[in-house]
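Hi,

Here is the structure I promised to pass on. Have a look at it first, then read my notes below.

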Amino acid sequence: MQDPYPVTPFTTPVQGSVTVPGSKSITNRALIIAALADGETLLQNCLFSEDTEIMVKALQDLGFDVQPDPQAKTIRVIGLAGEIPNKKAELFVGNSGTSARFLTAFLCLSQGGDYILDGVPQMRKRPIADLADTLNQLGTQIETTDGFAPLRIRANGLAGGRASIDASSSSQFVSALVMAAPYAESGIEIVMEDTSVRRSYIDMTLAMLKQFGVPKSALSASEAGYAIQRHTPYQAKPDGYLVEGDASAASYFFALPVAVTGVLEIHGVTQDSLQGDIAFSGRMEEAGAYIVWDKRSATVHYEPGAQPESLEGSFYPYSDTFLTAAAIAPLFNGTTTIEEIGHTRHQECDRIAAMADGLQRVGQKVSETEGSLTITPQPLQPATIATYHDHRVAMSFGILGSYDALGNGQAWLQIEDPTCCKKTFPDFFQVLEKLRQDSLTAAR
């Protein structure tokens with residue numbers, strides 16, 4: 001793929017359909033749960049991307065029988081009822097936050113295990129100390145490097161019990177604990193030090209525990225925390241467990257009709273999704289989109305001539321999608337202020353700074369605080385966008401680049417390092433280009 005990649009804008013309203021890939025969040029959770037289950041699980045509609053391949057490789061390095069089939073979008077996992085075969089391993093997690101956090105708690109279940117977990121330089125800047133501290137309270141021994149990776153985990157099973165955690169920097173800390181909790185000797189009671197943690201991803205994890213056989217009576221949740229009783233092994237799913245389409249990836253296609261007008265059907269998403277990021281669809285309705293939901297799809301309508309208004313308020317519950325909203329904010333009538341996103345400064349990159357930089361490059365008036373981003377629309381200017389190796393920066397600006405800013409159908413926006421999308425959506429720009437061509441054909 002050309003680097004930087006020129007995004008060819010739509011010169012007609014979008015017309016067509018797109019199928020989003022399987023959810024990264026669900027795929028990586030399902031891999032952990034399937035490895036803990038008793039017997040064979042067939043995961044269907046899996047995402048095959050950098051992050052999920054890292055998780056598959058880690059489980060294989062730990063001695064699990066994991067058989068991925070990218071063409072069929074399936075992964076077959078033989079779970080060992082809480083046992084971890086290899087007692088010593090060095091695991092590389094790249095810049096995959098889900099892999100790093102979920103594996104950290106998972107490895108603590110090992111009887112007599114000694115593990116090193118490390119990643120790329122950016123991973124060594126991402127928070128994990130609070131999770132390690134909580135796991136140490138629960139009977140394991142984890143040494144961090146000044147609060148970050150690399151980690152050394154000396155495990156002899158999780159004693160369990162009551163422990164506190166500050167998960168304000170990542171709800172993945174709680175999800176990691178929740179998935180391991182049924183195998184702790186006395187279950188786990190988690191006390192939240194900061195109750196403002198994003199709950200939607202934790203709710204998704206709890207829902208998946210139920211899908212894999214943990215009874216509702218063994219789980220309790222309140223604003224103060226979570227309690228998960230010790231339980232028999234997760235029930236394997238030999239006949240198949242279907243991974244939902246990725247709601248975060250769907251955000252780009254909920255936004256595309258707002259940027260270029262038209263009608264777009266998005267397959268693989270549901271209004272009652274386990275994923276909190278599906279709520280982004282409501283923000284596009286605020287911007288004037290009309291959405292019709294079916295059992296496993298959504299059709300987004302945006303009329304030519306409509307004037308999208310600005311967006312205001314918190315994106316905290318679905319912060320992976322704030323970049324999508326920020327990228328199309330130059331197309332709105334008024335100033336957009338996106339709030340409560342401070343934790344995104346410590347993700348794949350400093351996402352607030354990255355979006356501010358990209359928007360300023362295309363001529364926008366931008367201001368940022370520690371936890372917010374404000375965009376006041378100005379005439380768009382041709383630019384090359386630095387992605388900082390962040391897939392969501394690249395894909396979000398891909399949607400802005402789809403708008404025909406120069407009015408001549410010529411590419412005006414280029415994306416550096418477009419292959420960084422391999423983290424969650426390897427063929428994103430090919431899918432976007434196919435939609436453009438399909439729309440041209442439909443308009444003839």
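What order do the four strands of the open sheet have? The order is E6-E7-E9-E8, and the pairing is mixed. (Strands, E, are DSSP runs of at least two residues and helices, H or I, of at least four, numbered from the N terminus; two strands pair if DSSP finds at least two bridges between them.) E6 (88–92) and E8 (141–145) are the edge strands, each pairing on one side only.

Before going on: this is a predicted model, where local features need pLDDT of at least 70, side-chain atom pairs count only at pLDDT 80 or more, and totals for chains, interfaces and linings use all residues. Residues are numbered from 1 along each chain as its sequence is written, and side-chain values use heavy atoms, with hydrogens and water left out.

Back to the sheet: E6 and E7 (residues 111–118) run parallel and share five bridges. In one of the pairings, alanine 89 has tyrosine 115 in E7 as its bridge partner.

Next, aspartate 51, which sits in helix H2 (residues 50–61). Why does aspartate 51 count as buried? Because its relative accessibility is 1%, and buried means under 20% relative accessible area (1.4 Å probe, protein chains only). Leaving aside neighbours within four places in sequence, aspartate 51 is in contact (heavy atoms within 4.5 Å) with Lys24, Asn28, Ser96, Thr98, Ser99 and Lys423.

Finally, helix H11 (residues 391–401): eleven of its eleven residues are buried, so H11 is largely enclosed by the rest of the structure. Among them are His391, Phe397 and Leu400.

Cheers

How values were computed:
Buried means under 20% relative accessible area, exposed over 50%, partly exposed in between (1.4 Å probe, protein chains only).
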